[in-house]
Amino acid sequence: MSTEVPGEQGGVPRESAGSPEPGEVLRELAAVRRRTRSARHAYWFPLVLFGVLTCAAAPLYVSAATPPAGANAVMGGAAVVGGAPTVLGGMPAGGSGFYLGWYWLVALVGGYLLTLFWYRWHARRIGVETPARGYIATGVVLTVLVVLLPLLSHFVPFLGWLWPGDLWIRGTFAFLIIAAGLWILARAERSVALAITAAVYTGAAVLVSLYNVENLLFRMGWNPSPGNWSLTVLPGILLPAVVLLVAGLAAFVAQRRIRSA
Amino acid sequence: MSEPEGRGARPPEPAAADASHPTSGLDDTVHQRHRLGVLTITAEAQRADFGYLRDALGLTPGNLSRHLMVLEEAGLIQVEKGYEGRRPRTWVRITSDGRAALATELSALTELVRRHGRGNGAAGIPPAGAGES
């Protein structure tokens, strides 16, 4: 092992008369790596951001689940093919997912751009940068693909096999795009906690995409009046949002505590 | 300063030396502990700021610059100099050669620990890239 450079101090200890043990060097490097990783972790922001964006979409889900007065319910997905982000809007029971589709298009692209700015700002402030481009690119590319898919498959029927089965009909496909991004981000952040969050969130997103989770609440005694029936979509929307918000706030507290220690 | 500079500075091994000994995997450019620190930090992030490296490694700006120069000349890092507003800012990014050299160095050190450090508490040290939090 080489000797020290004059004037060195702090972080990595000075070498004494002899060479340090390889084990000591490895332990120091592991500590440096841990500190660097803790410093650059900033994933609480996208978790909270997409949790808030999901909560903000709740009124649109309620509105989309409300049948228009004096009219038969229209299968929204079929009505808006080519005119709106169909897959993102889904086929709500009450009417059209037109506004829902546009909301998620703007929210997803805007959310990923905000996250990109967040990570850049965090890197400038802290001095270490997380490789978050893969996360941003995954989210944006998936969003664009999902928006273009109905249009493309209209002209190229062969692309119809790309349709995501029943996963889109409840208007919750945006959750699956968010989930895919979280896996990429967990790898970029090298965070087990975020990987666990991604797993839980993916489970919640798949569940609410394939199953009416309000049925569980009905069995537990929830019995909304007919006038409030459209509110029954809320559990399926708020469940993934709660996962994101709880994980994001926990990460915020943990990351703040580590940095102030 | 007794450390040799550059990657080719190590004296040649005797012909009879055991080429498979872990020390044969040590590279003087990488092996210097502060340069090892620079590579470890930059391998953990997409890029690291000069100020962060200076504080994390407890080096003076002059010393850090010298270490960065050695690593850059060896092709193990890339140094990007720019401005943020009017303030100059230097970012350091590890190259693929740098990642490979770091992995080789850590493997050699781990192997040394395995061969000579059994039972001294060094076991269980995570390899590079491991230890997710």
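Trainee: What should I know about the model and its numbering?

Mentor: This is a predicted model, in which local features need pLDDT of at least 70 and side-chain atom pairs count only at pLDDT 80 or more, while totals for chains, interfaces and linings use all residues. Residues are numbered from 1 along each chain as its sequence is written, and chains are lettered from A and ligands numbered from 1 in the order in which they are written.

Trainee: Which elements does chain A contain?

Mentor: Chain A has ten helices and one strand, where helices (H or I, at least four residues) and strands (E, at least two) are DSSP runs numbered from the N terminus.

Trainee: How is the packing of two helices described?

Mentor: Two packed helices are described by the angle between their axes and the distance between the axes. Axes are lines fitted to C-alpha atoms, for helices over the stretch in contact, with angles from 0 to 180 degrees between N-to-C directions. Here helix 5 (residues 98–126) of chain A and helix 6 (residues 133–155) of chain A pack at about 165°, their axes being 9 Å apart; the two are therefore roughly antiparallel, a term for angles over 145 degrees.

Trainee: Which residues make the contact between helix 5 of chain A and helix 6 of chain A?

Mentor: Contact requires C-beta atoms, placed from the backbone, to lie within 7 Å. Among the residues involved are Leu105(A), Tyr112(A) and Leu116(A) of helix 5 of chain A, and Ile136(A), Gly139(A) and Val147(A) of helix 6 of chain A.

Trainee: How much of chain A is buried?

Mentor: Buried residues (20 or more other C-beta atoms, placed from the backbone, within 10 Å of their own) make up 40% of the 261 residues in chain A. Of the contacts in chain A with a separation of 6 or more, 68% join residues 24 or more positions apart.

Technical notes:
Angles under 35 degrees count as roughly parallel, over 145 as roughly antiparallel, 65 to 115 as roughly perpendicular and the rest as oblique. Two residues are in contact if their C-beta atoms, placed from the backbone, lie within 7 Å. A residue is buried if 20 or more other C-beta atoms lie within 10 Å of its own, exposed if 12 or fewer, and partly exposed in between; C-beta atoms are placed from the backbone.
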